[in-house]
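Hi everyone, and thanks for coming. Let me put the structure up on the screen, and then I'll walk you through it.

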Amino acid sequence: MPKTIYYIESLPLIFRRIDSGEIHIPQFQRRFVWGREEIIQLFDSIYNGLPIGTLLFWRSSEKNFMFSQDDFMTSSQTEEQASYMYVIDGTQRLRALYNCLHRKENGQDSRFAVGFDLEKKIFTYLHKVNVSETIVVLSSVFSHEEIIKHQITLASHHASQILVKNFNELISAFVKYEIPIIVIDEVTKDEMLTAFQRINTTGTRLSKEDILRAREEYIGKDEL
């Protein structure tokens, strides 16, 4: 009988599971296709405390699948685990989060070079022309060493008080952010693949008209 577990988990704990080799992206998942706009919107939602959806995992005691080329680490880097958590839904979000926030080496993919402008309080892509002491590289948010460096640098700025405040709020937003998680246990490989197919083929995406209608209804009720 399939067993479904529901819980919430913070970003730091999810990243620890990834680094330990517990969480993996199976080969049947599509490659990372998100563009810069989707990534910026994801981080803006987290910063403002908005939900970003649920992550769905299948837990298995065996290595049932080859890992994706976009997996967080190669098979040679992965130690044997008591169980493995395969990402069934949420791969694009989890890849963006891990690559932008946690990895020390972002490679050549400029989509993961995201920063936060402490003066404007907006997320931005890093370029040589915009690198300054008031723009924080997101990969430093979970590094105690980098946090201390930024705090020391900001302390000498003419607007140090407000910048340090904005910097601390940024760190707090990501360190404390929690994501709903669903874990499917005790299902066969075929059952899991069936669930994956249904998740990705059923339902109808909202059109622009649907979203506009929802906004109009919300505004209309708010004015009553």
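**Starting at the edge of the sheet**

Let's begin with two strands: β2 and β4 (residues 84–89) run parallel and are joined by two bridges. By strands and helices I mean DSSP runs numbered from the N terminus, with at least two residues (E) for a strand and at least four (H or I) for a helix. Two strands count as paired if DSSP finds at least two bridges between them.

Before going further, please keep in mind that this is a predicted model, in which local features need pLDDT of at least 70, side-chain atom pairs count only at pLDDT 80 or more, and totals for chains, interfaces and linings use all residues. Residues are numbered from 1 along each chain as its sequence is written, and side-chain values use heavy atoms, with hydrogens and water left out.

Now, in what order do the five strands of the open sheet come? The order is β1-β8-β3-β4-β2, with mixed pairing. At the edges are β1 (3–10) and β2 (23–24), each pairing on one side only.

Inside the sheet, β3 has partners that run in both directions. With β8 it runs parallel, through four bridges, and I182 in β8 is the bridge partner of L56. With β4 it runs antiparallel, through five bridges; there, F57 has V87 as its bridge partner. Strand β3 is largely enclosed by the rest of the structure, because five of its six residues are buried. Buried here means under 20% relative accessible area, exposed means over 50%, and partly exposed lies in between, using a 1.4 Å probe and protein chains only.

Next, the helix that goes with this sheet. Helix α3 lies across β2, β3 (55–60), β4 and β8 (178–185), and runs at about 115° to β4. That angle is taken between N-to-C directions, from 0 to 180 degrees, with axes fitted to C-alpha atoms, for helices over the stretch in contact. How many residues of α3 (residues 91–101) are buried? Eleven of its eleven, including R93, R95 and L97.

L97 comes up again in the largest nonpolar core, which has 46 residues; I39, L97 and F174 have the most contacts inside it. Such a core is a set of buried Ala, Val, Leu, Ile, Met, Phe, Trp, Tyr and Cys residues joined through side-chain atoms within 4.5 Å. There is also a second, separate core of ten residues, including F67, I88, I184 and F196. Back to F174: setting aside neighbours within four places in sequence, its contacts (heavy atoms within 4.5 Å) include L11, F43, L101 and F142.

K121 sits between β5 (114–117) and β6 (122–125), and its phi is near 60°, a positive value in a residue other than glycine. K121 counts as partly exposed because its relative accessibility is 37%.

Finally, the whole chain. It has seven helices and eight strands, and buried residues make up 40% of its 224 residues. As for pLDDT, the predictor's confidence in each residue from 0 to 100, the chain mean is 82, and 79% of residues reach 70 or more. Where pLDDT is low, the predicted coordinates should not be read in detail.
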